[in-house]
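Let me put the structure up, and then I'll talk through a couple of spots in it.

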Amino acid sequence: MIKRIEHLGIAVESIEESLPIFETLFSASCYKQEVVESEGVRTAFIQIGESKIELLEAISLDSPIAKYLEKNRGGFHHIAFEVDNLEDELDRLRNEGFTLIHQSPKDGADNKRIAFLHPKSTKGILIELCQEKKSDTD
Ligand code: ZN
């Protein structure tokens, strides 16, 4: 089940340059910066009420963010929805005919397991599904 919008992903040329602008805009501080090597991105998260903004900067030329910025100026990149069971949602959407970029969950930033849907099956919108990783103490 899809529960809520978890965050919006925004592609930026430089977190160093963009983060202070967004921190001032939202009057909130970044609570986490993290590199996700497998996606070729550096991320920075800002909490705004119950929602989050994720800034994404490319750390390599073959990063999806580098490719995005070749075609677009920085800006809206993806919308992430929190789900209660990522495997179940991926199965459901695969059966509904959606194309998945990740066939099974992978590790993402901010203590999440994630998977992306291919924008060709959503009329161009890049959608991330995410689920909080269970801590060992749960
Ligand atoms: Zn994201």
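So, let's start with a pair of side chains: H78 and E128 are joined by a polar contact of 2.8 Å. Keep in mind that this is a predicted model. H78 has another polar contact as well, side chain to side chain with H77, at 2.9 Å.

Where does H78 sit? In strand β5. And is it buried or exposed? Its relative accessibility is 1%, so H78 counts as buried. If you skip residues up to four places away in sequence, H78 touches H7, L8, G9, E54, L56, F116, L126 and E128.

Some of those names come back at the metal. Which atoms coordinate the zinc ion? They are NE2 of H7, an OE of E54, NE2 of H78 and an OE of E128, at 2.1 to 2.2 Å. Along the chain, these donors are spaced as H-x46-E-x23-H-x49-E. H7 belongs to strand β1 and H78 to strand β5, residues 75-83, so this pair ties together parts that are 71 residues apart in sequence. H7 is buried too, at 3% relative accessible area.

For four tetrahedral donors, the ideal angle is 109.5 degrees. Here the four donor atoms subtend angles of 84 to 175° around the zinc ion, so the arrangement is irregular. To be called tetrahedral, all angles would have to lie between 85 and 135 degrees.

Okay, over to the helix. Helix α1 is 12 residues, 15-26, and at 1.5 Å a residue that should span 16 Å; the end C-alpha atoms are 15 Å apart, so the two agree.

Which residues of α1 are buried? I15, S18, L19 and F22. They're on the same side of α1, because the arc they cover around the axis is only 105°. The background is that an α-helix has 3.6 residues a turn, so residues three or four places apart point the same way. E16, E17, I21 and T24 are exposed, on the other side of α1.

And what do the buried residues of α1 pack against? Strands β1 (2-11), β2 (30-36), β3 (41-48) and β4 (51-58).

Last bit, the helix ends. S14 caps α1 at the N-terminal end, with a side-chain oxygen 3.3 Å from the backbone nitrogen of E16. Just past α1, S27 has a positive phi of about 50°.

That's what I had, happy to take questions.

How values were computed. Residues are numbered from 1 along each chain as its sequence is written. This is a predicted model: local features need pLDDT of at least 70, side-chain atom pairs count only at pLDDT 80 or more; totals for chains, interfaces and linings use all residues. Side-chain values use heavy atoms; hydrogens and water are left out. Helices (H or I, at least four residues) and strands (E, at least two) are DSSP runs, numbered from the N terminus. The expected span of a helix is 1.5 Å times one less than its number of residues. Buried means under 20% relative accessible area, exposed over 50%, partly exposed in between (1.4 Å probe, protein chains only). The arc is that of the directions from the helix axis to the C-beta atoms. Contact means heavy atoms within 4.5 Å. A polar contact is a pair of N or O atoms within 3.5 Å; within protein, one must be able to donate a hydrogen and the other to accept it, and residues adjacent in sequence count only if both atoms are side-chain atoms. Donors are N, O and S atoms within 2.8 Å of the metal (3.2 Å for Na, K and Ca); water is not among the atoms, so sites may look incomplete. Four donors count as tetrahedral if all angles lie between 85 and 135 degrees; four count as square planar and six as octahedral if opposite donors are over 155 degrees apart and all others between 65 and 115; anything else is irregular.
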